[in-house]
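Please look over the sequence and the model shown here. A short report on selected local features comes after them.

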Amino acid sequence: MLPKGHKLPDNFYSSKKVVVPLGLGIQKIDACENDCMLYWKDDKELQECKVCHHPRFKSRKRRGNKKPKNVPFKQLSYLLLTPRLQRLYTSQATAEHMRWHKENPGEEGKLCHPRDGEASKHFDHTHPSFAAES
Ligand SMILES: [Zn+2]
């Protein structure tokens, strides 16, 4: 899935060694096994689902004097959006693509880009200061 001429090693672990220091982090958020809720914000410390009461962590046996590590039944990997957007605007080449929708208005009456849709127009109208900064 990488473009031709990419410099990443073919091995996943070697590629990870290259990508991780770039700082495009992943936030791990525990989730209910039945997809009822996330253990996030106000619910961060809960030990069981507040909807179906399924336990958050698998039961683990104690090994020696060590306290067993809590292993969640399910975990969500959240790709942090802000650092990714900051990266896209850091490069002149990609920043140009990020602003394209604003600098190239479409034809009136034609739906060629998501910005031509009613939802996008409504969002721009509702949040004018956000829409002004492409
Ligand atoms: Zn649940």
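The report covers the domains, the metal site, some individual residues and the aromatic pairs.

The model is predicted: local features need pLDDT of at least 70, side-chain atom pairs count only at pLDDT 80 or more, and totals for chains, interfaces and linings use all residues. Residues are numbered from 1 along each chain as its sequence is written, and side-chain values use heavy atoms, with hydrogens and water left out.

**Domains**

Domain 1 spans 25-79 and domain 2 spans 109-134; such bounds come from an automatic or database domain assignment. The C-alpha centres of domain 1 and domain 2 are 39 Å apart.

**Zinc site**

The zinc ion has as protein donors the SG atoms of Cys32, Cys36, Cys49 and Cys52, at 2.2 to 2.5 Å. Donors are N, O and S atoms within 2.8 Å of the metal (3.2 Å for Na, K and Ca); water is not among the atoms, so sites may look incomplete. Along the sequence, the donor residues follow the spacing C-x3-C-x12-C-x2-C. The angles among the four donor atoms are 106 to 112°, and the site of the zinc ion is tetrahedral (four donors count as tetrahedral if all angles lie between 85 and 135 degrees).

Cys52, at 31%, is partly exposed.

Asp30 sits in strand S1, residues 26-31. Strands (E, at least two residues) are DSSP runs, numbered from the N terminus. With a relative accessible area of 9%, Asp30 is buried. The side chain of Asp30 makes a polar contact of 3.1 Å with the side chain of Gln75. A polar contact is a pair of N or O atoms within 3.5 Å; within protein, one must be able to donate a hydrogen and the other to accept it, and residues adjacent in sequence count only if both atoms are side-chain atoms. Neighbours within four places in sequence aside, Asp30 is in contact (heavy atoms within 4.5 Å) with residues including Leu38, Tyr39, Arg56 and Phe57.

Asp43 is in the loop between S1 and strand S2 (57-58). Its relative accessibility of 17% makes Asp43 buried. Leaving out neighbours within four places in sequence, Asp43 is in contact with Met37, Leu38 and Lys50.

**Positive phi**

Asp35, in the loop between S1 and S2, has a positive phi near 65° without being a glycine. Asp35 is exposed, at 59% relative accessible area. His53 also lies in the loop between S1 and S2; although not a glycine, His53 has a positive phi of about 65°. At 48%, His53 is partly exposed.

**Aromatic pairs**

The structure holds two aromatic pairs. Rings of Phe, Tyr and Trp (its six-membered ring) pair if their centres lie within 6.5 Å; planes under 30 degrees apart count as stacked, over 60 as edge-to-face and the rest as tilted.

| Pair | Centre to centre | Angle between planes | Class |
|---|---|---|---|
| Phe12 and Tyr13 | 5.2 Å | 80° | edge-to-face |
| Phe123 and Phe130 | 5.6 Å | 85° | edge-to-face |

Phe12 is exposed at 57% relative accessibility, and Tyr13 is exposed at 63%. Phe123 is partly exposed at 37%, whereas Phe130 is exposed at 56%.

Definitions and conventions: Buried < 20%, exposed > 50% of the residue type's maximum accessible area, 1.4 Å probe, protein only. Tetrahedral: all angles 85-135°; square planar, octahedral: opposite > 155°, others 65-115°. Helix = DSSP H or I, 4+ residues; strand = E, 2+ residues; numbered from the N terminus.
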